[in-house]
Amino acid sequence: MKLCQFVITAIVIMVAACNKDKFTTIPQLTLKSISPETVLSGNVIRLKGSYTDKEGDIDSVFVVRKFFAGNTATKIDTIEKFQFAALNLPPKTLEGDIELTYEYNTQNLGIRTLSGVAKDTTAALGMILKDKAANRSEYKESEKIRLKKP
């Protein structure tokens, strides 16, 4: 009987701990996917993720581009910083999905673009969320994709 009570107590504690971590003051970010795996000139790149934030006060999004030679990052830069409102999510949203789209090697106005590369390159996109109190999510990075020279 005591073993059964111990198991039930352990399960209750684990469930409570999981729920406690879901919404925190510091924004939580998960990147789920990036596609396509191989990107040709004119392709649309889709970066999908999800987030939670206890106060629903996410303010800014930072997108980082990384280029690789094998497993070593050779260039890292912030390609974009924009207001969270640009994602057209309802204000004070505590959790939701994020999808950013970029056109590769295009000149279309009003659309996020990712410039072409001088040679075939492996790259990844990363993201950080910042709230109004300046709390930042952990940096999260996508899987690597292959950018083909235009």
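**Salt bridges and the nonpolar core**

In this predicted model, a salt bridge joins the side chains of Lys-140 and Glu-138, with an N to O distance of 3.6 Å. Lys-140 is partly exposed, at a relative accessible area of 27%, whereas Glu-138 counts as exposed, at 59%.

The structure holds 7 salt bridges, among them one between Arg-65 and Asp-77, whose closest N and O atoms are 2.9 Å apart. Because Arg-65 belongs to strand E4 and Asp-77 to strand E5 (residues 72-83), this pair ties together parts that are 12 residues apart in sequence; both Arg-65 and Asp-77 are buried. Another salt bridge links the side chains of Glu-80 and Arg-112 at 2.9 Å, N to O. Glu-80 lies in strand E5 and Arg-112 in the loop between E6 and strand E7 (113-114), so parts that are 32 residues apart in sequence are tied together by the pair. Glu-80 is buried, with a relative accessible area of 18%, and Arg-112 is partly exposed, at 23%.

Lys-130, located in strand E8, is buried yet has no salt bridge, the nearest side chain of opposite charge being that of Asp-59, 4.3 Å away. Beyond its neighbours within four places in sequence, Lys-130 is in contact with Ile-58, Asp-59, Ser-60, Phe-62, Asn-135 and Arg-136.

The largest nonpolar core comprises 26 residues, of which Ile-45, Ile-98, Leu-100, Met-127, Leu-129 and Leu-147 touch the most other members. At least two residues of this core are supplied by each of strands E1 (28-35), E3 (44-52), E4 (58-69), E6 (95-104), E8 (121-131) and E10 (145-147). Among the residues that Ile-45 touches, not counting those up to four places away in sequence, are Ile-34, Val-39, Leu-100, Leu-114, Ile-145 and Leu-147.

How values were computed. Residues are numbered from 1 along each chain as its sequence is written. This is a predicted model: local features need pLDDT of at least 70, side-chain atom pairs count only at pLDDT 80 or more; totals for chains, interfaces and linings use all residues. Side-chain values use heavy atoms; hydrogens and water are left out. A nonpolar core is a set of buried Ala, Val, Leu, Ile, Met, Phe, Trp, Tyr and Cys residues joined through side-chain atoms within 4.5 Å. Buried means under 20% relative accessible area, exposed over 50%, partly exposed in between (1.4 Å probe, protein chains only). Helices (H or I, at least four residues) and strands (E, at least two) are DSSP runs, numbered from the N terminus. Contact means heavy atoms within 4.5 Å. Lys and Arg count as positive and Asp and Glu as negative; His and the chain ends are not counted. A salt bridge is a side-chain nitrogen of Lys or Arg within 4 Å of a carboxyl oxygen of Asp or Glu.
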